Structures are given as C-alpha cells and as structure tokens.
Amino acid sequence: MTLVRPGSRQAEALLKRLGLSYEHLLGVRFAINVGIATTIVWATLRSIGDSNPIWAIASMVAASDPQPDEARRMFKARLVNVLVGCSMGLLFLIIGGAREWMLPFALAAAVLVSSYVIRIKTMWRQAPITAAIVIAAGVLSGSAATGIEQGLHKVAEVLFGCLVGLVVSWTMSKVWLIQPPARHS
C-alpha cells in the first residue's frame, strides 16, 4: 500500500474520486473538533459541579476553527472582548448596583470601549454580551455581590470554552494535516 502525500496530485485525485473537496475535509475536521471539544468541556465542568456549561460550549464553538491560525485569531478577539465586557459589567454593578436600568448603559459602554478603544472588530459583539451576562446575574439575584460572583463564573466558563476550542483545533491540525489543493501551472 502506498501512502498518499497530502496536497499532492495523488491526494487531489483521491479526493476527486471520493467526491470530496478541501472544504469538505475542513468541514469534517471541524465537526470532529467540535465533538471532541464539547466532550472535554462538558465532562470537565460537570465533574466540578457546573450544572449548566452551555456558555462554555457556545464559546468553544465560536473560538474553534479547523484552521489553527483562524482559531487563534478568534480566541484572541473573543478573549479581549470578553475582558472588556466583564470589566464594564463589573464596573457598572459596583458603581450602580444590581439595577435593571444599568443594563443599557453597561452594554453601550462595552460597545464604545470595544469599538473605539480596543478596535478588534472580530467578535466585538462579545463585549456587550459579556456585560449583559454580568449585569443580568446581579439583577436576577437582586445583589451586586452575587451578580459579580455569578458573572465571573460565567466569564470563566466562556474563557475555558474558548481555550479548549483553540487547543483542540491546534491539536487536530497536527494530527490530521489538511492542505489546500496545490495550484498547478
């Protein structure tokens, strides 16, 4: 049996015979990445008593990509914007307390800081989403202290999910090399 070198004419011919393109293979690897990373996130958080790790899973999917450079870019953008949103949410909880009317101001501030100070457009919607998580936790519990605790917990879930997505994406890119088709002249 002869091994087919990825990116070679033989590999391209094999993919064509199977009816698969480079994009198909990336899609399959992405599905495998998401499956593996979901298992890791779910099992890890459930084992430490987290009853609803959905924020971590959603973040893992958002920060995953079958191409590690893109996954790294998404991770950085999400991390920075989560930190902006968390900071704005905490600041508004501390200054204004756990009041509903603080929510629009915290979200607006998060958008302004993310778009005019940080300026990482990718995932910039994450800043107001994170601020909403932090403020809403305080409003729903009726306590700024509880809101801060619950908000930080959710932000930690988001960061953990993003990190798992990045690590799995990188690892799978090393285990299963997929190269774009070679351009032949």
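Colleague: Is S173 buried or exposed?

Modeller: Keep in mind that this is a predicted model, where local features need pLDDT of at least 70, side-chain atom pairs count only at pLDDT 80 or more, and totals for chains, interfaces and linings use all residues. Residues are numbered from 1 along each chain as its sequence is written, and side-chain values use heavy atoms, with hydrogens and water left out. Buried means under 20% relative accessible area, exposed over 50% and partly exposed in between, with a 1.4 Å probe and protein chains only. S173 has a relative accessible area of 9%, so it is buried.

Colleague: Which residues does S173 touch, not counting those up to four places away in sequence?

Modeller: S173 sits in helix 7, residues 144-175. Contact means heavy atoms within 4.5 Å. With residues up to four places away left out, S173 touches R29 and P68.

Colleague: Which backbone oxygen does the side chain of S173 reach?

Modeller: The distance here is 2.6 Å, and the oxygen belongs to W170.

Colleague: How many helices does the protein chain have?

Modeller: Helices (H or I, at least four residues) and strands (E, at least two) are DSSP runs, numbered from the N terminus. Read along the sequence, the pattern is α-α-α-α-α-α-α. There are zero strands, and the helices come to seven.

Colleague: What share of the contacts in the protein chain with a separation of 6 or more comes from residues 24 or more positions apart?

Modeller: For background, the chain has 185 residues, of which 38% count as buried. Among contacts with a separation of 6 or more, the share from residues 24 or more positions apart is 76%.

Colleague: What is the orientation of helix 4 to helix 5?

Modeller: The axes of helix 4 (residues 68-96) and helix 5 (residues 102-118) come within 9 Å and cross at roughly 140°. Angles under 35 degrees count as roughly parallel, over 145 as roughly antiparallel, 65 to 115 as roughly perpendicular and the rest as oblique. That makes helix 4 oblique to helix 5.

Colleague: Is A108 buried, partly exposed or exposed?

Modeller: A108 is also in helix 5. Its C-alpha atom is separated by 9.4 Å from that of A131, 23 residues apart along the chain. With 39% relative accessibility, A108 counts as partly exposed.

Note on methods. Polar contact = N/O pair within 3.5 Å; in protein donor to acceptor, adjacent residues only side chain to side chain. Axes fitted to C-alpha atoms, helices over the stretch in contact; angles between N-to-C directions.
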